[in-house]
Amino acid sequence: MSELVSLHENPTEQFLRTDRMPHIWCPGCGIGTTVNCFTRALLDSNANLDKVSVVSGIGCSGRVAGYLNLDSFHTTHGRAIPFATGLKLARPDLDVVVYSGDGDLFAIGGNHFIHAARRNVDIKVICVNNLVYAMTGGQTAPTTPGDALTSTSPYGTFEPSFNLPQLAEAAGAVYVARWTTYHVRQLAKSMFEMFNKKGFAFIEVLSPCPTLYQRRNKMGDGMETLRQYKELSKRKDGASTSEVGLTRDGEIVVGKFVDRDRPDYATLMKAHYQHTMGDKYVETGAIICQ
Amino acid sequence: MTVHADPKGVLTGTHFIDGDHACCEGALAAGARFASGYPITPSTEVVERFAARIPSVGGVFIQMEDELAASIALQGAVWGGAKAFTVTSGPGFSLMMEHIGYALMTETPCVFVDVQRGGPSTGLPTMPAQGDMMQCRWGSHGDYEVIALAPNSPQECFDLTIRAFNLAEKYRLPVMFMMDECVGHMTEKVVIPPADQIEITPRRLTKQAPDEFLGYKADEDLVPDIAKAGDGYRFHVTGLTHNEKGYPSMTVKTQDKLIHRLQDKILQNADDISINEEVDLDAADVVVVAYGITSRVAMKAIQMVRDSGQKLGNRKLRIGMFRLITPWPFPDKKIRALAGRIRGFVVPELNLGQMSREVERASGGLAKTIAVTHAGGTVHSPEEIAEAILEAAR
């Protein structure tokens, strides 16, 4: 009998709550792939993991917070961003990441997204865009592109959809990128870059929902979707975000679209109070009670 | 366990300020260093004062984009380690209901201030009512118990705001601070004592090591200790039904255990939580149960009846007052005991009958309950209440 070969532990395993496995995501779902990229970015960034908090909303992607072995908050539907805003303003020493889905962040939570971007709160927002509400059974989302079948659009959707990078740029985000779950290395690198960016940073990740989007639209399984991502994607770093809107079967423009600097909320607040109040201003770091 | 207030937030002295401003000073004295708000009459002055004061105390005020954001941003700050609150009125309070539920389920210590105005909907933005008393108890979905306090003067707006924060920390829940427009906008003397005379309940931070810590394993008082972000505990917080570790566990058994504990931690500690003002209750024939601004009108009514020399048989009619300082948890036992020895309760309130139903329920048919209702917009006339007192004595 041959000896057992000792395999090295997966280096990203330390980031996962292995006692919560198996996860709830379907075979072929892309959310787990994005989590893998996220853990890779954390590993590369040498971040102090005790100082990283992840905040999610509700939905399939909202479950990410629960699987990451970090301080993690599974909040209410659409409200991950304002929760993260409060956490970051009270604890500027923490890295605060919002990890959620397209319905959560851009329908019920859309108002919070644009206001946090306008304020340039120093939080990092990762949106897993699977083009539908998946947890509730595949309903139309504000991102569902073109004429697609969903459970609430049985004759196909006709509403125009959001172009998320354009929305993020217009609202004031300092970093905007889009990848698909095919682009694992590029996505991990982008997440790494985002960590080093001060201000409101946004990454959209296009991800298959084979169970509720691809299947209903006869677009094949998760593997087939990755093949489509590969064929349809075109990298255009610095592309004008007005020209990167998604269609049902058309080109998927990926890359880093926006990387700019402007002072974040806390920096503006401190500078302003110092200017207007002088010595009376009591500058605070972390707000921690007795 | 208590500690003294941090003097940085305590504006010791004698002031002539309104209830909204006094509430803000109470929050600062209690240690609140974070507030998230959204403008709404007649509550805005609380956060306006906080916005003016906090840069020189040390902390953050942020005006959010709506009440949903305001009511969850403060919870993010709390999990970071801050004491935090939000302030609103009728329509904003309606929008905050989901996040009151989130704070209850996740046991997030915080304070929600509601300066009540006429409703429903936009109603009477600048005029008083007490129509949110049941909403603060039942407004979020599901079963739970809350703590609610109702001040009747600017001084109490200060004192009881501190109590609200202390109870929030001790029992880990959102405490409802139920003011009304009159109390909020009424200006009176407010005495703020020195910091070393103000007792503060500190956060019950866990002393356990991260690998031993269970974020929702309760102590003997049915309340779990808490961790804050950034300390290496790597804890999880969710609004889903969760086990002692804080992980989602959607089973009948977990739900039963968790929801009963959330209820019992308030009900079993009700004697510690509940303070109420009891005036001339011994040998009373009629007891007026009132709260907030209405309790002050009721005192006038009681005095009027006394002055008129009303008799019961051949002796003077005896009238007492039970002032609900803690409407929730409702003082069932005390009302029941009173019901067994008096002729009737009179319950004036600026709504069409909310706490009066509780009085009627708790009295279990042993005494009659006369509700003196009012749709809001102004206070009762003392005569209306006096008339009800006489009716109750008959």
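Select Asp225(B) and Arg204(B). They form a salt bridge, with the closest N and O atoms 3.1 Å apart. A salt bridge here is a side-chain nitrogen of Lys or Arg within 4 Å of a carboxyl oxygen of Asp or Glu. The pair links distant parts of the chain, 21 residues apart: Asp225(B) and Arg204(B) both sit in the loop between strand S11 (199-200) and strand S12 (236-238) of chain B. Strands (E, at least two residues) and helices (H or I, at least four) are DSSP runs, numbered from the N terminus. Buried or exposed, what is Arg204(B)? Arg204(B) is buried, at 16% relative accessible area. Asp225(B) is partly exposed, at 21%. Buried means under 20% relative accessible area, exposed over 50%, and partly exposed in between (1.4 Å probe, protein chains only).

This is a predicted model: local features need pLDDT of at least 70, side-chain atom pairs count only at pLDDT 80 or more, and totals for chains, interfaces and linings use all residues. Residues are numbered from 1 along each chain as its sequence is written, chains are lettered from A and ligands numbered from 1 in the order in which they are written, and side-chain values use heavy atoms, without hydrogens and water.

Stay in that loop and pick Leu222(B), which lies between S11 and S12 of chain B. Its phi is positive, about 70°, although Leu222(B) is not a glycine. Most residues other than glycine have a negative phi, and most peptide bonds are trans.

Go to Arg172(B) next. Phi is near 50° here, again a positive value in a residue other than glycine. Arg172(B) is in the loop between helix H7 (154-171) and strand S9 (174-180) of chain B. Arg172(B) is buried, with a relative accessible area of 1%.

Now the cis peptide bonds. One joins Thr41(B) and Pro42(B), with omega about 0°. Find Pro42(B) in the loop between strand S3 (32-37) and helix H2 (44-57) of chain B. Another cis bond joins Trp328(B) and Pro329(B), also with omega about 0°. Pro329(B) is in the loop between strand S17 (319-323) and helix H12 (332-339) of chain B.

Back to salt bridges. Select Arg296(B) and Glu188(B), whose side chains meet at 2.4 Å, N to O. This pair links distant parts of the chain: Arg296(B) is in helix H11 (residues 293-307) of chain B and Glu188(B) in strand S10 (residues 187-192) of chain B, 108 residues apart. Arg296(B) is partly exposed, at 31% relative accessible area. Glu188(B) is partly exposed too, at 22%.

Switch to chain A. Asp93(A) forms a salt bridge with Arg91(A), the closest N and O atoms being 2.9 Å apart. Asp93(A) is partly exposed, at 38% relative accessibility. Arg91(A) is buried, at 2%. How many salt bridges does a search of the whole structure find over all chains? The search finds 42.

Two strands pair if DSSP finds at least two bridges between them. Arg117(B) has Pro128(B) as its bridge partner in S7(B). Five residues lie between S6(B) and S7(B), and Ser121(B) in the turn has a positive phi of about 55°.

Last stop: Glu384(B), in helix H14 (residues 382-393) of chain B. Glu384(B) is partly exposed, with a relative accessible area of 32%.
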